[in-house]
Structures are given as structure tokens and as C-alpha cells.
Amino acid sequence: MKLVVIAMPGNERLADQLADHLALERVAAIVRRFPDGESHVRVEASIEERHALIVCTLDRPDDKLVPLLLLSCAVREAGARSVGLVAPYLAYMRQDTRFKPGETISARHIGAWISRHVDWLVTVDPHLHRIADLSQVYSIPSRIVPAADSVARWVRSQVRQPLLIGPDEESAQWVGAVAQRANAPFIVLTKHRRGDRDVEVSVPDVERWQSHTPVLVDDIVSTARTMIETVGHLRRAGLAAPVCVAVHAVFAQTAFEDLRVAGATDIVSCDTIEHPSNRIALAPAIAASVRELLP
Ligand code: R5P
């Protein structure tokens, strides 16, 4: 019997692609709000004794988590033998420490909640910084899809003489991997974040890279302040207008337009969160990781 894939609203495209790659049956579910704002979920097919996976990327997570967890309960109660989750963007991973007294380490709680409701997880480059390994916060089997191969392929084919730039120490892991695969040089900058939108980036001596095209690579672009600061420094140092590449295009409020106005010549992202900047497709890589976890 075919395995089934269920899309949370907004995740239909990836669910269809996974169904094609893995010969899964797409099953419909109702996920909507009652007039009072509570969530109503309902699986609309017979899935008894079948293995199921739910696709739900977790940007803007507070609106998605309650219906997602309820849907996983509904899938189980409808008799599914197992429930997996494909969440290309994994929320709350940046809340990985108690930055100030009185805070909580949200990544641990969100990880525990999700782990209680699904049997396995596939995600793309989660923000692993002070948490070194996903298994420290997710107690279920998981696979991480690295975006580096796909990003490097895009850079190689689209950018003339690239210089890869990571805007902070945390980005060194991605930018190093992309640079190696794209056979390009890379540098990593230093960042101090003083607040949500108050970021300072120090750029070393970059004059010798005048003949290169700067390519900023970061895992998450949210307010875009990190990239905007970096673009400004590079332009003042006389480098060409940079290309900005995000694995996860969160782009809060006006961030996308702000980054464009700041002087990015091109803004490109992987398709882990649907956004007009999506140009790097990850469905085949995600499907390969899902295949490893399917029963
Ligand atoms: C750091 O934690 C991440 O790797 C990104 O650099 C960060 O999320 C970017 O955030 P923003 O776009 O708000 O500057």
C-alpha cells in the first residue's frame, strides 16, 4: 500500500514534488480556523495502517504549530502506522541559549513538543550554533539536508569569478562548504548583534578582491540587517554590487525591499520557504533524505 503525504496549507508544491519523487499518494486534509480563532483539522481519506508524512515548513511558526500538532494527532487517530514531518525550515533554532536571565531556551521546548507528536523529521540546514547537533533537541530520528551542493551549483553556473562571503562566524560552516564545492575563495566576517535590528559587521581588508563578484551566503535572512550592513561595507570598499544568497528566505516585514535598496544586485534563495527570491530547488535532495527514513 502506498505511503501518504499530507500538505499543511502553503506546502502543496513540495508535497506534490515529494509524491512524484517517492511515489507517495497525496491525501487531502482540512486545516482551517473556526470563527473563534481555534484550529480545525480533519484528514479526508482513509489512512488506516498506512505510513504518513506531513509537509510543513515552519517560518512564522506560531500560527502553524498548533494546527500541525493537531494534524499529527488526527493522522495517528485515523490509524496511521507512523507519522513523519518534513519541515524544510525549522523554527526557533536561533533561541538556542538563555541570552538574558528569565528567558527560556525555546529550541529545546519546540523540539520536545514536535518530537512527542511525530516519529521522524527531515529538515534543511537548521541553525546549529550553540546547539551542536539536532539530536540534542529532537529525540526522534532526523536527517539534515545540506543546501551547500545546490547553492554551489547555482553560484558556479550564474556568477562570474565569485568571492564567497559569510557575514558572521556562524556562517563559516555554510560558506566554507559552498566555496569548496564552487571552487571559489571565501572570507568570513565578524558580527556583533546589539538588538533585533541593530547589527554591526566588521569587514577585513577586501580591496584585493576588486575583480571578484561578492556573494554573501547566510542560512537565514530575517530582518536582513546582517546582509544590509555587509553590503554597505563592501560597496564602500569599492567592491562590485554583491549577490545575496539565503538558504531560508524568512524576510520579515520590508526586509527584502530593504536589502534590494541597500545595493544587492541579486537576491536568491533556496525554496525552503516560498518567496519570490526562490531560485534554488531542494526537492530532490529532500526526497533523498526522506527515502532514508521511510519504513
Ligand atoms: C545568525 O544567527 C544567522 O546565521 C543569520 O545571520 C541571522 O539570522 C540573520 O538575521 P537578520 O537577517 O535579522 O540580520
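What follows is a set of questions and answers about a predicted model of a protein with a ligand.

Visitor: Into which domains is the protein divided?
Guide: One of the two has a range in two pieces, 4-146 and 282-293. The other has the range 148-271. The division is therefore into domain 1 (4-146 + 282-293) and domain 2 (148-271).

Visitor: How many residues of domain 2 are in contact with domain 1?
Guide: The centres of domain 1 and domain 2, taken over C-alpha atoms, are 29 Å apart. The domains still have contacts, and domain 1 contributes 13 residues to them. On the side of domain 2, the number is 15 residues.

Visitor: What percentage of the ligand's accessible area does the protein cover?
Guide: There are 15 residues around the ligand, and Arg-94, Asp-218, Asp-219, Thr-223 and Thr-226 come nearest. A polar side-chain atom of Asp-219 is 2.6 Å from a ligand oxygen atom, and one of Glu-170 is 3.0 Å from a ligand oxygen atom. For Asp-168, an N or O atom of the side chain lies 3.3 Å from an oxygen atom of the ligand. Of the 380 Å² of accessible area that the ligand has on its own, the protein covers 95%.

Visitor: How many disulfides are there?
Guide: A disulfide is a covalent bond between the sulfur atoms of two cysteines. The closest cysteine sulfur to that of Cys-56 is in Cys-73, and at 14 Å it is too far for a bond. The count of disulfides is zero.

Visitor: Is Cys-73 buried or partly exposed?
Guide: Cys-56 has 0% relative accessibility and so counts as buried. Buried means under 20% relative accessible area. Cys-73 has 25% relative accessibility, so it counts as partly exposed.

Conventions. Residues are numbered from 1 along each chain as its sequence is written. This is a predicted model: local features need pLDDT of at least 70, side-chain atom pairs count only at pLDDT 80 or more; totals for chains, interfaces and linings use all residues. Side-chain values use heavy atoms; hydrogens and water are left out. A residue is near a molecule or strand if one of its heavy atoms lies within 4 Å of it. A polar contact is a pair of N or O atoms within 3.5 Å; within protein, one must be able to donate a hydrogen and the other to accept it, and residues adjacent in sequence count only if both atoms are side-chain atoms. Accessible areas come from the Shrake-Rupley method with a 1.4 Å probe; for residues, only the protein chains shown count as cover. A disulfide is a pair of cysteine sulfur atoms within 2.5 Å. Buried means under 20% relative accessible area, exposed over 50%, partly exposed in between (1.4 Å probe, protein chains only). Contact means heavy atoms within 4.5 Å.
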